[in-house]
Amino acid sequence: MNKRLISAFVGIFLIIAGVIGLSLAIYNYVGGGTTENVITSGTLKMTLTEGEGISILNAIPVSDSSGLSNTPYTFKLKNTGTLPVKFTVSLVDDMDTINADGCSAKLLDKSNIKMSLKKDLVFNGPVLLNTLINNVLDEGILNPNAEINYELRLWIDENIMLQSITTKHYHSKLIINNKQTNQ
């Protein structure tokens, strides 16, 4: 009788652990390929609206003032659900593009790339790309019906010798991780 009771408890525990693991996996999302990605599950709904791809091709080193005047890569996060969402926005190497172009040996070193990020009206930067911790651009909690507008600019640091980068380039993509929170 005791063995049956223990087996029943172990079985229930494994089912509960599986359900929790599946629930966490549902909220882990990586999207790409379109300009608008919508993540919906229950009352959680997050929308990412993107501009063009993020690349540095045939660029030359420029001053920070020139880099800051470049056309930005724009994107927006919007929580159209009924619950707060904890999010992290990261900028990572776009390995699909790098592999498709066969350019892994021609990548710009991140210590040569500067960036700035404007979040709504708050400006951050310029900073070197290699100084980002875990490639994180922003993180926080987005309440229901709230949205955040971003402008991301990338350029090559003016202190880099042009000859050392003439055949090099950079491809990246945004990764948005989010999960429902009770705040």
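In what order do the elements of the protein chain run from the N terminus on? In this predicted model, the order is α-β-β-β-α-β-β-α-β-β-β-β-β, and the chain has three helices and 10 strands, where helices (H or I, at least four residues) and strands (E, at least two) are DSSP runs, numbered from the N terminus.

Before I go on, a word on conventions: residues are numbered from 1 along each chain as its sequence is written. Local features need pLDDT of at least 70 and side-chain atom pairs count only at pLDDT 80 or more, while totals for chains, interfaces and linings use all residues, and side-chain values use heavy atoms, with hydrogens and water left out.

Of the 183 residues in the protein chain, 32% are buried, by which I mean under 20% relative accessible area, with exposed being over 50% and partly exposed in between (1.4 Å probe, protein chains only).

Let me turn to strand S6, residues 113–119, which is largely enclosed by the rest of the structure because five of its seven residues are buried. On pairing, two strands pair if DSSP finds at least two bridges between them. S6 runs antiparallel to strand S9 (residues 147–156), to which seven bridges join it, and there Ser116 has Arg153 as its bridge partner. S6 is also joined by five bridges to strand S7 (residues 122–128), again in an antiparallel arrangement, with Leu117 standing opposite Asn124. S6 and S7 form a hairpin that leaves two residues between them, and in that turn Asp120 has a positive phi of about 50 degrees.
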